[in-house]
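Please look over the sequence and the structure shown below before reading on.

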Amino acid sequence: MGVPQRLLGSLLLCTMFLCLVEGDVHYYDFVLKEANFTRLCMTKSMLVVNDSFPGPVIRVHKGDTVYVNVQNQGDYGLTIHWHGVHQPRNPWSDGPEYVTQCPIEPGTNFTYEVIFSDEEGTLWWHAHSDWTRASVHGAIVVMPSNETGFPFPEPDGEEILVFGSWYYIEDLNEVVAEDVADGSDTPRSDCYTINGQPGDFGLCSNDSTYRWQVEYGKTYLLRLVSAVMNAELYFAIADHSLTVVGLDGAYVKPIVTDNIMISPGQTMDILVTADQSRGQYYMAARQFDSVMQHHQTFDKSNVTAILEYKGNYTPPAYPIFPSNLPSYEDLLPAREFTNQIKSLASKEHPINVPMNITAKMYIAVEMNSGSVTATSDDVTVSLLASLNNISWVNPTTDVLLAYYRNISGFYASGFPDFPPYFYDFTSDDWIDNTAVTLKATKVKVLEYNEEVEIVFQGTNTINAAENHPMHLHGYSFYLVGSGFGNFDNETNPKTYNLVDPPMMTTISVPMEGWAAIRFKASNPGVWLWHCHLDRHLSWGMSFVMIVKDGGTPKTSMREPPPYMPPCTASPTIRLRPSHKFSRTGK
């Protein structure tokens with residue numbers, strides 16, 4: 001009897017990746033191709049996975065491994081990132097374009113090995129090329145191991161809500177590329193979506209509003225994913241309280257609240273009890289706009305879905321709208337909510353905050369209006385973004401391959417630990433020369449097991465202060481402190497929470513404020529730091545962190561898979577000097 005094709009494929013994959021897995025193994029096929037979708041009275045074609053928007057849900061238990069075969073039947077190259085998955089020792093499958101791999105070109109495929117370790121809760125996956133993630137994204141559900149279970153009573157059911165951005169523009173990547181090339185601002189979304197639908201207040205949309213049916217008296221685990229491109233959102237359910245129990249794949253002390261604020265890239269786990277009169281209730285979200293008030297070009301749509309009770313009753317003419325949903329520019333609810341977030345820090349879910357800091361960085365998060373190229377002193381007027389006055393430029397070969405093979409000329413070490421100028425970062429009167437940034441491909445190199453503290457300092461350069469959701473690949477980190485104004489390295493560290501700080505993968509750096517994080521560099525590889533507002537990422541608000549090997553096989557980066565997508569149609573940049581350090585040692 002012959003070997004079944006699926007089993008044969010599984011055996012080949014197991015051989016290819018040396019079967020280095022401990023939990024269960026799962027297999028998914030992601031087929032990327034164009035499909036037509038009608039929203040806001042208009043039909044357009046866009047790239048999606050398996051003909052769905054949002055894409056398929058990946059379900060695993062803690063410690064499992066997933067192989068995802070991505071088949072690109074679209075018209076342009078792309079990569080997939082597994083947001084919040086630590087991928088221990090395996091940056092080869094992390095996904096950011098030109099950082100850990102080159103694009104999966106049209107007509108080709110690539111199999112990702114997604115290794116889950118200590119994550120538990122809700123995560124997500126998305127394209128990590130240009131603005132393709134606007135339509136290519138989906139949720140990941142990581143259930144607790146069978147031995148432990150939830151740290152709260154077992155819910156009666158679950159629901160997933162994915163927030164997204166909708167654009168009338170069909171060739172979104174092309175428009176964004178043109179805007180970035182000529183220094184213009186990038187497009188604003190035309191509405192937000194919940195599970196792909198704009199809701200009752202969108203044009204031609206009330207027949208397709210997403211509905212969640214619940215039974216009276218039952219408690220549900222609501223999993224939220226913010227796949228929104230360029231905005232933080234307020235969210236509330238009319239007449240229902242929310243109990244937040246998880247954030248970014250880690251448990252938090254329960255927070256009972258009427259509304260939450262969620263940043264692009266973040267995920268939340270929320271308990272909702274259906275304890276109100278049987279009827280229909282809006283689940284609504286709108287943009288939390290932290291930009292200065294004279295900027296009024298943001299998306300003002302209210303996206304809705306409907307929580308609908310099962311049973312016999314006369315439905316109301318209209319669902320109840322949440323009266324406690326904050327207004328667009330109300331800063332206080334966001335501040336009050338984020339200040340309550342603390343790690344569960346229980347015996348079953350302990351934390352380990354680094355206390356012996358060996359590497360400190362102070363990073364100014366800036367918007368810029370001009371640039372100095374890496375090869376000349378010519379100033380060009382354009383919109384850019386930077387970290388410590390370095391605006392990231394993608395190399396022609398991904399950083400990971402260049403680092404692993406010790407190939408010269410594709411990036412430089414020496415990303416600065418401090419900004420080139422110290423001034424009143426939050427003042428309305430900014431210094432002219434701080435608006436000009438250097439475009440370069442510089443990386444920060446860390447020794448294995450270094451204990452790192454980074455303070456991100458928000459700035460008001462070119463009067464463009466706003467919140468910045470900063471995301472780290474390959475790690476979770478502890479948010480030990482945050483505040484407004486300029487960080488004071490004498491007084492502010494005394495206020496750090498070192499007992500139960502939240503463990504996160506994406507943190508919103510406050511407008512004209514600061515956020516301090518800590519982590520231990522125990523995951524060797526090449527990992528990306530970036531703002532999860534995609535317009536800022538397009539303008540260069542990112543840098544790469546290389547963590548050296550630890551000197552033993554179990555503390556070293558894994559070998560690359562037999563096949564990685566080749567680098568064929570890359571952007572052009574060459575830098576000197578090249579990196580001059582080994583993968584281990586100083």
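With which side chain does the side chain of N173 make a polar contact? The partner is the side chain of T132, at 3.0 Å, where a polar contact is a pair of N or O atoms within 3.5 Å; within protein, one atom must be able to donate a hydrogen and the other to accept it, and residues adjacent in sequence count only if both atoms are side-chain atoms. The model is predicted, and for that reason local features need pLDDT of at least 70 and side-chain atom pairs count only at pLDDT 80 or more, while totals for chains, interfaces and linings use all residues. Residues are numbered from 1 along each chain as its sequence is written, and side-chain values use heavy atoms, with hydrogens and water left out.

**The setting of N173**

N173 has its place in helix 2, which covers residues 172–182; helices (H or I, at least four residues) and strands (E, at least two) are DSSP runs, numbered from the N terminus. With a relative accessible area of 17%, N173 is buried, a word that means under 20% relative accessible area, whereas exposed means over 50% and partly exposed lies in between (1.4 Å probe, protein chains only). When its neighbours within four places in sequence are left aside, N173 is in contact (heavy atoms within 4.5 Å) with Y76, D130, W131 and T132.

**Salt bridges**

Side chains of opposite charge can pair when their charged atoms come close. The structure holds 15 salt bridges, each being a side-chain nitrogen of Lys or Arg within 4 Å of a carboxyl oxygen of Asp or Glu. Three of these pairs are set out in the table.

| Salt bridge | N to O distance | Relative accessible area |
|---|---|---|
| R558 and E113 | 3.0 Å | R558 9%, E113 1% |
| R188 and D185 | 3.3 Å | R188 31%, D185 35% |
| R535 and E466 | 2.7 Å | R535 8%, E466 10% |

In the salt bridge of R558 and E113, the two residues come from distant parts of the chain, 445 residues apart: R558 is in the segment after strand 33 (542–547), and E113 is in strand 6 (residues 109–115). Both R188 and D185 are partly exposed. R535 is buried, and E466 also counts as buried. Their salt bridge ties together parts that are 69 residues apart in sequence, because R535 lies in helix 5 (residues 534–538) and E466 in the loop between strand 26 (451–458) and strand 27 (468–472).

**Nonpolar cores**

In soluble globular proteins, nonpolar side chains tend to be buried together. A nonpolar core is a set of buried Ala, Val, Leu, Ile, Met, Phe, Trp, Tyr and Cys residues joined through side-chain atoms within 4.5 Å. The largest such core in this model has 71 residues, and those with the most contacts inside it are L224, F235, F519 and W529. Strand 20 (residues 359–372) provides the largest share of this core, namely 5 residues. Apart from its neighbours within four places in sequence, W529 is in contact with a list of residues that includes I454, F456, M470, F519 and M545. A second, separate core has 24 residues, among them F30, L47, V70 and Y112.

**Disulfides**

How many disulfides does a search of the whole structure find? The search finds 2, a disulfide being a pair of cysteine sulfur atoms within 2.5 Å.

C41 counts as partly exposed at 46% relative accessibility, while C204 is exposed at 59%.

C102 and C567 also form a disulfide, their sulfur atoms being 1.9 Å apart, and here the torsion about the S-S bond is about 85°, so this disulfide is right-handed. Because C102 lies in the loop between strand 5 (80–83) and strand 6, and C567 in the segment after strand 33, the pair ties together parts that are 465 residues apart in sequence. C102 counts as buried at 0% relative accessibility, whereas C567 counts as partly exposed at 28%.
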